[in-house]
Amino acid sequence: MKEDIKSYLLPELTEKLAEMGELPYKALQIFRWLHSGAASFSEMTNLSKDLRARLEERFYITVPEVAQKQVSKKDGTIKYLWRLRDGNCVESVLMRYRHGNSVCISSQVGCRMGCRFCASTLGGLVRNLAPSEILDQVLFTQKESGLKISNIVLMGIGEPLDNYDNVLRFLRLVTDENGMNIGMRHISLSTCGLIEKVDKLGDDNLQLTLSVSLHAPDDETRSRLMPVNKSCGVDELLAACRAYFKKTGRRISFEYAMIDGVNDTPRHAKLLADKLKNTVSHVNLILLNKVSESNFSPSSRENLEAFIGILRDNKINVTVRRRLGGDIDASCGQLRRKSMSS
Ligand code: SAH
């Protein structure tokens with residue numbers, strides 16, 4: 001079986017090339033080609049024909065195909081549906097901000113977390129993405145759009161901490177100075193809160209931003225929305241978040257999707273403020289995106305405003321996430337779902 005060359009870190013690639021009787025600078029040349037989006041060994045014109053043929057024999061290069069592309073007329077957001085080697089599809093979204101371009105990428109094909117409001121989990125988990133396939137979303141979004149990417153958010157399809165090793169390897173690849181060289185501080189990772197993995201990530205002590213999808217301050221509400229909460233509740237999760245901050249010094253961002261009549265009452269707001277009192281944090285509110293398969297609806301403007309007011313009165317940092325790409329199904333798993341059913 002051929003090996004996935006783009007999933008190797010530079011020292012590993014150097015070792016592979018040494019096995020083939022080649023000097024380290026060859027590995028560096030190949031690494032640079034791969035990380036600038038080369039689609040085949042034949043493009044690597046500074047390598048000998050003989051070496052290219054031997055590489056071809058031993059390795060393959062992942063190249064996702066654009067299965068669909070949607071561009072928002074409102075704000076220029078671009079959504080890609082990528083077809084992978086085995087025919088599975090994942091999504092990435094390129095968002096354009098004044099401070100630079102950001103790409104939201106997927107970490108798995110499907111998801112097994114089962115959050116009740118999320119389109120990505122409806123068909124369950126199909127498989128993990130390889131490090132190369134996660135990286136490709138950044139590489140080929142940049143290549144295809146012609147827009148330089150400066151920020152990455154791991155907030156697309158899948159639970160990144162459920163694919164821990166591949167995601168960590170991706171992070172090491174994308175931050176490599178010989179590759180895309182994106183700073184860890186320009187990367188956010190969003191999790192539904194797998195506590196052991198949050199602990200592990202804290203030990204790995206990366207300077208990325210951790211976002212935790214909280215969505216409710218109490219176990220009753222959170223377990224109703226997110227099955228993951230049944231095995232370890234809100235208090236345990238928040239304790240893990242405080243420990244994470246202690247280890248890394250990085251403030252945690254809590255995601256909170258406002259759902260009409262479910263988690264958006266003044267009682268929820270007060271409880272949330274209480275629970276976050278001793279946590280260095282930032283709350284990111286987002287109005288729920290309606291998913292046709294679920295009965296939940298977004299909160300009213302009044303409830304949103306009241307909720308913000310209570311958090312601010314209690315000195316909690318809070319912002320409302322601006323919605324981009326509302327006209328192009330640019331949220332979690334919606335495009336993949338549509339392509340599966342059509
Ligand atoms: N599995 C990770 C990352 C993927 S989801 C996680 O759970 O964090 C990215 C974010 O979008 C999460 O905060 C998720 O809860 C939220 N989300 C999912 N479906 C949504 C919807 N319909 N409306 C608003 N936010 C949603």
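Colleague: What divides the chain into domain 1 and domain 2, and how far apart are their centres?

Modeller: Domain 1 covers 3-60 and domain 2 covers 68-341, bounds that come from an automatic or database domain assignment. Taken over C-alpha atoms, the two centres are 34 Å apart. This is a predicted model, in which local features need pLDDT of at least 70 and side-chain atom pairs count only at pLDDT 80 or more, while totals for chains, interfaces and linings use all residues. Residues are numbered from 1 along each chain as its sequence is written, and side-chain values use heavy atoms, with hydrogens and water left out.

Colleague: Which residue numbers make up the contact between the domains, that is, how many come from domain 1 and how many from domain 2?

Modeller: Domain 1 gives 15 residues and domain 2 gives 16, where contact means heavy atoms within 4.5 Å.

Colleague: What area is buried between domain 1 and domain 2?

Modeller: It is about 1400 Å², with 57% given by carbon and sulfur atoms; buried area is the accessible area (1.4 Å probe) that two parts lose on being put together, summed over both. On the domain 1 side, Lys 6, Leu 9 and His 35 supply 41% of the area buried against domain 2, more than any other three residues.

Colleague: Why is the pair of Lys 6 and Asp 136 called a salt bridge?

Modeller: The term requires a side-chain nitrogen of Lys or Arg within 4 Å of a carboxyl oxygen of Asp or Glu. The closest N and O atoms of Lys 6 and Asp 136 are 2.5 Å apart, so the pair qualifies. Two salt bridges are counted between domain 1 and domain 2.

Colleague: Which elements give two or more residues to the side of domain 1 that touches domain 2?

Modeller: They are α1 (10-19) and α2 (24-34), helices being DSSP runs of H or I with at least four residues, numbered from the N terminus. The largest share, four residues, comes from α2.

Colleague: What makes Glu 12 and Arg 169 a link between distant parts of the chain?

Modeller: Glu 12 lies in helix α1 and Arg 169 in helix α5 (residues 164-174), 157 residues apart. Their closest N and O atoms are 2.7 Å apart, and they therefore also form a salt bridge. The whole structure has 17 salt bridges.

Colleague: Which residues come nearest to the ligand?

Modeller: Of the 18 residues around the ligand (a heavy atom within 4 Å), these are Gly 158, Ser 190, Ser 213, His 215 and Asn 289.
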